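Please read the following alongside the sequence and the model. The account takes up a sheet, then a helix packed on it, then a pair of helices.

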Amino acid sequence: MVYNVIIIGSGPAGLTAAIYAARANLEPLVIAGATPGGQLMVTSDVENYPGFPNGIQGPELMQLFREQALRFGTTLINADIVSADLRRYPFSLSTSDTTYQCKSVIIATGATAKWIGLDSETRLRGKGVSACATCDGFFFRGKRVAVVGGGDAALEEANFLTKFATSVTVIHRRDALRASKIMQDRAKANPKISFIWNSEVIEVLGDTHVTGLKLKNVRTDERMNVQTDGLFVAIGHEPNTSIFKGQLDLDVKGYMVVHDHTRTSVDGVFTAGDVHDHHYRQAITAAGFGCMAAIDVERWLEEKGVATA
Ligand code: NAP
């Protein structure tokens, strides 16, 4: 069987693409990943997704996306793609035990936030440790927070967090920021933001929620504890594109390059969500890109005259 479209990924981008493709009678196959649902599966309260005035838990929101995709005739399998052949047509995508063929592909494999890699950080994720200020900043009204990182994202998060927190401490492993000058100037001029230089977080402190951090000065090896109610890790994201390397245009950081709307460098291969968008990185924007990619696929298949319902 040759599918009209295979959607890789099952976050907001992939499942929105599935809803639109299924409603266009394309009978899509979603290869959802071995741990489906994307980044929202590790987010607790989602309060900025329109349509949920009282907020919703991330996993519950993804379950609703999934039900909606299935309702219109999506086939969904929980497996990872281990290899892709986009050089020959129809395209081939393989999981560990099956190879699927398709006329078009939507890559919505997302990006993974980088974490420091501490056990205490994993244990307290969602309990004061977060990688998304836009998602979780609101919960720190009147509290103290720390941000790890020295790039644009870290300073953007720090600035954003000053809307809620009483103080924001940026902890950076060097004594010079990587962020653009304008972001640096803005952060340094903000009276709520302070910096701790040349330091790494070596432990997140707290039993049920974050109460502080243990830091190590990388120059002097000196240790110190700082009190904080929250830790925002902003040390970059990794786009999930490794299996497409060499077959599709990727930028220097590995993000999918978009050529025209949602088209990639291979005709018939489209992309949606955080795998190409490192600018907005929101569930709602990913969902929007998913919708766009499905519409683009539908038109592309029609133009080629290859769609079968
Ligand atoms: P980034 O520019 O790669 O910066 C990552 C920062 O995290 C660096 O300062 C790095 O330290 C630090 N870091 C990396 N691994 C670490 C670790 N294990 N422990 C401690 N610190 C670590 O990533 P980003 O800030 O996410 O930005 C990604 C891209 O999006 C950039 O091109 C950025 O310009 C863009 N962006 C732009 C805006 C904006 O213009 N408004 C906002 C957000 C992002 P070192 O400096 O020592 O390497």
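How many bridges join S11 to S12? In this predicted model, the two strands run parallel and are joined by five bridges. Within the pairing, Val-145 stands opposite Val-168 in S12.

S11 and S12 belong to an open sheet of five strands, ordered S10-S17-S11-S12-S13, with parallel pairing. The edge positions are taken by S10 (129-130) and S13; each has a single partner strand, so one side of each is left without a neighbour in the sheet.

Helix H5 (residues 152-161) lies across four of these strands, namely S11, S12, S13 and S17, and runs at about 170° to S11. The buried residues of H5 are Ala-154, Leu-155, Glu-157, Ala-158, Asn-159 and Leu-161. These buried residues pack against strands S11 (144-148), S12 (167-171), S13 (193-196) and S17 (230-233). Two helices, H4 (133-136) and H6 (181-189), are also among the elements against which they pack.

Another contact in the model involves helix H1 (residues 12-23) and helix H7 (residues 283-304), whose axes come within 7 Å and cross at roughly 35°. The crossing of H1 and H7 is right-handed. From H1, the contact uses Pro-12, Ala-13, Thr-16, Ala-17, Tyr-20 and Ala-21. The H7 residues they meet are Ala-283, Ala-286, Ala-287, Gly-290, Cys-291, Ala-294 and Ile-295. By residue class, the contact of H1 with H7 consists of eleven nonpolar and two polar residues, with no charged ones.

Note on methods
Residues numbered from 1 in each chain as written. Predicted model: local features only at pLDDT ≥ 70, side-chain atom pairs only at ≥ 80, totals over all residues. Heavy atoms only, no water. Buried < 20%, exposed > 50% of the residue type's maximum accessible area, 1.4 Å probe, protein only. Helix = DSSP H or I, 4+ residues; strand = E, 2+ residues; numbered from the N terminus. Contact = heavy atoms within 4.5 Å. Pairing = 2+ DSSP bridges. Axes fitted to C-alpha atoms, helices over the stretch in contact; angles between N-to-C directions. Left-handed = near helix turned anticlockwise from the far one by under 90°. Nonpolar A, V, L, I, M, F, W, Y, C, P; charged D, E, K, R; others polar.
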